[in-house]
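This report walks through one protein model, from overall build to selected residues. Please look at the sequence and the coordinates before reading on.

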Amino acid sequence: MTSTQIPGYLTGSWAIDPVHSDVSFTVRHLGISKVRGHFGAFEGSVVTAENPLESTVTATIDATTVDTRNADRDGHLQSPDFLDTANHPKITFTSTALRAEGEEYFIDGELTLRGVTKPVTLEVEVNGFGDGMSEGSKVAGFTATTSISRKDFGVTGGAAGAVVSDKIEIKLEIELAKQA
């Protein structure tokens with residue numbers, strides 16, 4: 001992957017714009033339907049290098065802000081059965097490598113959830129680089145997806161674990177603002 005393959009590519013330091021970004025997950029319930037949720041607070045940074053494959057990504061999610069539009073379920077997700085936010089209020093991601101396979105881009109990294117760190121790979125869609133709303137500002141957009149096994153991170157689900165799938169689909173819709 002070269003910067004010439006990414007229209008408008010810019011090097012520099014970028015911060016996640018939480019107002020124009022979304023961190024969400026989907027999990028199967030009873031094997032027949034999907035429950036969706038979001039995290040209301042997160043932050044992160046990207047440093048885009050001259051060689052895009054040398055860029056870095058870091059992110060932190062406030063696990064206490066989980067929102068599935070059901071207060072009882074949100075409380076259960078914060079319990080030791082799931083996220084255990086009293087002991088592990090943050091979920092973190094740090095990239096270890098970026099790579100291109102043909103026209104597809106991937107970010108390999110380490111995800112820490114409930115104090116357990118495991119390797120994960122995000123499949124990335126580059127949505128673009130462009131001008132922001134204020135004069136001279138620059139923005140970039142990316143969509144990233146991955147699936148994880150909740151059991152790999154010690155998430156048992158308690159009694160509810162029997163009706164909730166092990167596989168959790170994660171989707172990130174990220175808008176970045178270029179820093180001065």
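## Basis of the model

The model is predicted: local features need pLDDT of at least 70, side-chain atom pairs count only at pLDDT 80 or more, and totals for chains, interfaces and linings use all residues. Residues are numbered from 1 along each chain as its sequence is written, and side-chain values use heavy atoms, with hydrogens and water left out.

## Overall build

The protein has eleven strands and one helix. Helices (H or I, at least four residues) and strands (E, at least two) are DSSP runs, numbered from the N terminus. From the N terminus, the order is β-β-β-β-β-β-α-β-β-β-β-β. The radius of gyration is 17 Å, close to the 16 Å from the globule rule for 180 residues, so the protein is as compact as a globular protein of that length. That radius is taken over C-alpha atoms; the rule is 2.2 Å times the number of residues to the power 0.38. Along the principal axes, the C-alpha trace spans about 50 × 35 × 30 Å.

Of the 180 residues, 39% are buried. Buried means under 20% relative accessible area, exposed over 50%, and partly exposed in between (1.4 Å probe, protein chains only). Take the contacts with a separation of 6 or more: residues 24 or more positions apart account for 56% of them. Contact means heavy atoms within 4.5 Å.

## Charge and annotation

Side chains split into 15 positive and 25 negative, and the centres of the two sets lie 8 Å apart. Lys and Arg count as positive, Asp and Glu as negative; His and the chain ends are not counted. Each charge is placed at NZ of Lys, CZ of Arg, CG of Asp or CD of Glu.

An unreviewed UniProt entry places the feature "domain: Lipid/polyisoprenoid-binding YceI-like" at residues 13-177. UniProt positions follow the numbering used here, feature names are shortened, and annotations may be inferred rather than shown by experiment. Over residues 13-177 the chain is 60% strand and 5% helix. The end C-alpha atoms of that stretch are 9 Å apart.

## Loop residues

Most residues other than glycine have a negative phi. Arg69 has a positive phi, near 65°. Arg69 sits in the loop between strand S6 (66-67) and helix H1 (71-78), and is exposed at 82% relative accessible area. Asp84 also has a positive phi, near 50°. Asp84 lies in the loop between H1 and strand S7 (90-101) and is buried at 10%.

Ile32 is in the loop between strand S2 (22-29) and strand S3 (33-39). Ile32 is exposed, at 70% relative accessibility. Thr156 is in the loop between strand S10 (138-149) and strand S11 (164-178). Beyond its neighbours within four places in sequence, Thr156 is in contact with Asp81, Arg150 and Gly161. The C-alpha atoms of Thr156 and Asn51 are separated by 41 Å.

## A buried strand residue

Phe129 belongs to strand S9 (residues 116-131). At 14% relative accessibility, Phe129 is buried. Setting aside residues up to four places away in sequence, Phe129 touches several residues, including Ile6, Tyr9, Trp14 and Phe142.
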